[in-house]
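Dear colleague,

Please find below the structure I am handing over to you. My notes on its core and its sheet follow.

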Amino acid sequence: MKSEKRDGCLILFIEGLIDLHQVDDMRDQLTEHLAAEPVGKVILNCRKVLRMDSSGVGLFIFLKSRYKDKIVFRICELPERVLELFRM
């Protein structure tokens with residue numbers, strides 16, 4: 001997973017599938033980045049996410065609740081096909 005730090009904000013570039021089979025690995029990667037780069041704001045850039053199921057939504061909820069007092073999360077550039085899952 002690529003990352004970039006800009007103006008005190010950590011941008012994580014998420015790509016590929018976020019489903020039941022990949023969610024544990026994705027959670028580990030995200031947690032490692034957040035431990036290595038302590039910041040107050042994180043942007044999850046999802047431009048290259050191919051597909052997401054409810055496990056991916058659960059991952060975002062996990063991050064929000066685990067770091068709720070420490071980090072503000074924003075999700076950006078969700079592809080339309082993934083955004084539909086959030087509209088349900």
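A nonpolar core is taken here as a set of buried Ala, Val, Leu, Ile, Met, Phe, Trp, Tyr and Cys residues joined through side-chain atoms within 4.5 Å, where buried means under 20% relative accessible area (1.4 Å probe, protein chains only). This is a predicted model, in which local features need pLDDT of at least 70 and side-chain atom pairs count only at pLDDT 80 or more, while totals for chains, interfaces and linings use all residues. Residues are numbered from 1 along each chain as its sequence is written, and side-chain values use heavy atoms, without hydrogens and water.

The largest nonpolar core has 22 residues, of which Ile14, Leu30, Leu34, Val42, Leu44, Leu63 and Phe73 touch the most other members. At least two residues each come from strand 2 (9-18), helix 1 (23-36), strand 3 (41-52) and helix 2 (54-66); helices (H or I, at least four residues) and strands (E, at least two) are DSSP runs numbered from the N terminus. Strand 3 contributes the most, with five residues. Beyond its neighbours within four places in sequence, Leu34 is in contact (heavy atoms within 4.5 Å) with Leu10, Val42, Leu63, Tyr67, Ile71 and Phe73.

Four strands make up an open sheet of mixed pairing, in the order 1-2-3-4; two strands pair if DSSP finds at least two bridges between them. Strand 1 (2-6) and strand 4 (72-76) are at the edges with a single partner strand each, so one side of each has no neighbour in the sheet. Strands 3 and 4 run parallel and are joined by five bridges, and Asn45 stands opposite Cys76 in strand 4.

Kind regards

Technical notes:
Buried < 20%, exposed > 50% of the residue type's maximum accessible area, 1.4 Å probe, protein only.
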